[in-house]
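Here is a short briefing on one protein model. Keep the structure open beside the text as you read.

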Amino acid sequence: MRVVCALLLLVVGPWCQAQPIPLVIPPPGSMEPAATGIYYEKVLQLALDKSAETAQEKYQIIHHNQIVGRERYRLLLKQGVVDIIWSSSNKTREEELIPVRFNLLRGINEYRVLLIRADDQARFSEVRNLADLRQFKIGSGIHWSDTEVYKFNGLPIVTTYSFDAMFRMLAIKRFDYMARSLQEIDYELEKYRDLGLIAEKNLLIHYPQPIYFFLNKKHPELAKRIEQGLLIAQQDGSLDELFQSIPNFRAAEEKIRHIDRRIIELRRED
């Protein structure tokens, strides 16, 4: 597209220069609840808008025409089919892709409530530390970076490819709990309300888990532009305004400010 535009510019003048370059991203709701996906898209657009004054190129965000899993989107990004995704970070992803090292969720996803079967609350009420938690099996996605954290900390784990199936697996006792972020768990309790699951009352798991934009290795300048735009939006308050416009994000931050639970700290290998 860039080469074609440069050639056409010699013939048709500034008209071509004004045409936006498409940026393909996952559609909202394909990797998380739709409201969260829309937030990431709005953050990306805000970053592009804030950095536009010093940039030569204009971009237009468009959605990929298929809904696939997270790992498939990462593959499409490496292949150049998709231009930008948002994802938790780990060593492999940062080596294979370009991370924009700006934590998009401000850490609210790093505090995890345990999703358990309702009749197991008494068992979990006895958990005081990591050693106690190791007596229970956690369920996690096979490609999640969270899974690496759980394994590194010695938590017995059952993995699966299917996100929806995990809730049913928990209900039928294939494992004992899932660790869900503060902004996710209320939505999931409502969605899977017929399975007899509850949010455990006393514990929180905490570990570093930044969420970054990731780009194909071919786009280092675009990555720099997005980072610049994010920093500008952070400084002028517009990014905070956007963050606070998401009700479950506001609620998660409020819960973190008033934590009255036992916190079990986990470490990351990297």
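Buried means under 20% relative accessible area, exposed means over 50%, and partly exposed lies in between, using a 1.4 Å probe and protein chains only. This is a predicted model, in which local features need pLDDT of at least 70, side-chain atom pairs count only at pLDDT 80 or more, and totals for chains, interfaces and linings use all residues. Residues are numbered from 1 along each chain as its sequence is written, and side-chain values use heavy atoms, with hydrogens and water left out. Helices (H or I, at least four residues) and strands (E, at least two) are DSSP runs, numbered from the N terminus.

**Salt bridges**

- A salt bridge puts a side-chain nitrogen of Lys or Arg within 4 Å of a carboxyl oxygen of Asp or Glu.
- The whole structure holds 19 salt bridges.
- E71 and R74 form one of them, at 2.8 Å from N to O. They sit 3 residues apart in helix α4, so about one helical turn separates them.
- E71 counts as partly exposed because its relative accessibility is 33%. R74, at 9%, counts as buried.
- D146 and R112 form another salt bridge, with their closest N and O atoms 3.0 Å apart. This pair links distant parts of the chain: D146 is in helix α8 and R112 is in strand β5, 34 residues apart. Both D146 and R112 are buried.
- E254 meets R257 in a salt bridge, with the closest N and O atoms 2.7 Å apart. Both belong to helix α13 (residues 247-257), 3 residues apart, so about one helical turn lies between them.
- E254 is partly exposed, at 37% relative accessible area, while R257 is exposed, at 56%.
- Salt bridges also link R117, D120, R123 and D176 in a network.

- Strand β10 covers residues 203-206, and both of its faces are covered. L203 and I205 are buried on one side, and L204 and H206 are buried on the other.
- Two strands pair if DSSP finds at least two bridges between them.
- β10 pairs with strand β5 (residues 111-117) in the antiparallel sense, over 2 bridges. There, I205 of β10 is the bridge partner of R112.
- β10 also runs parallel to strand β12 (residues 262-265), joined by 4 bridges. L204 stands opposite I263 in β12.

**K201, in a loop**

- K201 lies in the loop between β9 (197-199) and β10.
- Is K201 buried or exposed? Its relative accessible area is 58%, so K201 is exposed.
- Contact means heavy atoms within 4.5 Å. Not counting residues up to four places away in sequence, K201 touches Q121 and R261.
- K201 and A118 are 83 residues apart along the chain, and 11 Å separates their C-alpha atoms.

**The largest pocket**

- On a 1 Å grid over the protein atoms alone, a pocket is an open set of points with protein on both sides within 12 Å along at least five of seven lines, and lining residues have an atom within 4 Å of a point.
- Grid points are joined across faces, edges and corners, and a volume is the space filled by probe spheres set on the points.
- The largest pocket contains about 940 Å³ of space. It is lined by 41 residues, and M31, E32, R70, W144 and F163 are the closest to its centre.
- Elements giving two or more residues to this lining include α3 (34-50), α4 (70-79) and α8 (145-152).

Note on methods:
On a 1 Å grid over the protein atoms alone, a cavity is a set of points where a 1.4 Å probe fits but cannot get out, and a pocket is an open set with protein on both sides within 12 Å along at least five of seven lines; lining residues have an atom within 4 Å of a point.
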